[in-house]
Amino acid sequence: GEESLTIFVDKRKLSKKSEGSDPNTNSSAVTLETLHQLAASYFIDRDSTLRRLHHIQIASTAIKVTETRTGPLGCSNYDNLDSVSSVLVQSPENKIQLQGLQVILPEYLQEHFVQAALSYIACNSEGEFICKDNDCWCQCGPKFPECNCPYMDIQAMEENLLRISETWNAYNSEFEESDEFKLFMKRLPLNYFLNTSTVMHLWTMDSNFQRRYEQLENSMKQLFLKAQRTVHKLFGLSKRCHKQPLIRMPRQRSSNYWLNRIQSFLYCNENGLLGSFSEETHTCTCPNDQVACNGFLPCTVGDGSACLSCAPDNRTRCGSCNAGYMLSQGLCKPEVAESTEHYIGFETDLQDLEMKYLLQKTDRRIEVHAIFISNDMRLNSWFDPSWRKRMLLTLKSNKYKSSLVHMILGLSLQICLTKNSTLEPVLAVYVNPFGGSHSESWFMPVNENNFPDWERTKLDLPLQCYNWTLTLGNKWKTFFETVHIYLRSRIKANGPNGNESIYYEPLEFIDPSRNLGYMKINNIQVFGYSMHFDPEAIRDLILQLDYPYTQGSQDSALLQLLEIRDRVNKLSPPGQRRLDLFSCLLRHRLKLSTSEVVRIQSALQAFNAKLPNTVDYDTTKLCS
């Protein structure tokens, strides 16, 4: 390497006076002799010489000083080598170039001199200095097998690491003893169990505690970088040692460590001992097996099956549960609605096979006696079928059977035609579930989407009489209050090919030779069963939504109404969306206003959203 001092001089601005000049004087008058003296003292006292030269440079514009250093070795660049001693300096990379004494040696001695000098400097004469493949080391002599291992330096590095570990522990202890940490622990609620998520949420809400933790993190990062640098130096020094140093790096403590530490302070800090808390098992690991450190664990508060709050007299037990759960033996279990049979019935005692047999036989034991009403025709009377005929079977339950609701299982009509008539009856059926206007009825999708079709059975009578039967059974049964039947006729004729039938409306077929004939309906029967219905009991449930009898009775009433709603709507006819039959029940059988029905439905929907594992469904409005 080289080190040089260059002074550019403007001789016109130099002082001519040289007597008594002192290089240490503060006068701005500078002579050439003064500059020579300062330059000579540069390699003896570099710092003070440079300060003096810089002062002169600032005070007068006579000189400009430039200092150049290259490489680790400082040498004189003067031609007179007798007046300046060569200086050898060892670098960490052991890359040394000698400039000075070796220049005056004979050429055949220069290489040996440099080798001996490097071995003396780098290996302390305990081995031979060797460089190969960008790496240099000492080839130790037999008396000094550990010449490559600087034990003193390694010991100093290890002691430095030990001090870093002590500082590390001190920082953590100071954090635990800080006022911010103590105040945060003091503010934590003790009336329910705090999991790590809850502690973290409270942590983020405390700005002072958060700033104190960030301060700890920054200190730890700086300390960790210092430890890393020390470890890298230690590895570099000991890479050619026979025995490697033992390195213990302090482990960084994440926020999860401190969350668990806070839990340990809360729940494993009894009898003067601090243990370690495990959230997975809710247990403490104590430092002393003979003395317990675990305290009482409060109950877990949360959504779903967790507690809503702990018992005030014993916080280890559950005191109340969330919506949809009930407290049983200290635990929250899913709440199940009681039987709805007290309010409304849904099932009959008949088994499926029994019901199927009775329907096939059109047994009068499952007939629901309804009132026949029609302004277009009369039973057992002939009528002209050219025009549509409307008839209905109604029960008038609010007037005669207010304590019953009714289920339809099937429908049967006996239709007769005059002899040789070419008419074909076409039936359309609408069902009104609980009363109201005809617009609040739904159309029965006969022979659509697997829905049953009419079955025709010819009767042994002189006339063309058929039994038209529609069997719903248990699969398609539904509520009914009124059945609307629309009868229209069509004329059946053979197609052009003779293999297919063509149907005409009567008014479109004007051939007078055709005998349209007449038609009559002998009887209409509705098959099904009636079930218990207590409107006052349901009104009492609705009243508890606003005026609960006891604590928890409101949720119980909501659960009962929700069960009734779902069971009623489940009997909706087939379709992409269910019909809202429950609103029809409230509107027409309980005589509630539209606003009351909307309020009840909203309360049920909100309550259902809180229940576990429930999926609400959309319904189609049927009743106004």
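Q: What should I know about the model before reading it?
A: It is predicted: local features need pLDDT of at least 70, side-chain atom pairs count only at pLDDT 80 or more, and totals for chains, interfaces and linings use all residues. Residues are numbered from 1 along each chain as its sequence is written, and side-chain values use heavy atoms, leaving out hydrogens and water.

Q: Which residues touch the most other members of the largest nonpolar core?
A: In soluble globular proteins, nonpolar side chains tend to be buried together. A nonpolar core is a set of buried Ala, Val, Leu, Ile, Met, Phe, Trp, Tyr and Cys residues joined through side-chain atoms within 4.5 Å, where buried means under 20% relative accessible area (1.4 Å probe, protein chains only). Here the largest core has 76 residues, and Ile344, Leu411, Leu413, Phe479 and Val568 touch the most other members. Strand 14 (residues 404–417) gives the most to this core, 8 residues; strands are DSSP E runs of at least two residues, and helices H or I runs of at least four, numbered from the N terminus.

Q: Where does this core lie relative to domains 4 and 5?
A: Domain 4 (352–507 + 514–532) and domain 5 (535–621) both contribute residues, so the core lies between them. The domain bounds come from an automatic or database domain assignment.

Q: How do the buried residues of helix 12 sit around its axis?
A: Helix 12 (residues 535–543) buries Pro535, Ala537, Ile538, Leu541 and Ile542. They fall within an arc of 160°, so they line one face of the helix; the arc is taken over directions from the helix axis to the C-beta atoms.

Definitions and conventions:
Buried < 20%, exposed > 50% of the residue type's maximum accessible area, 1.4 Å probe, protein only.
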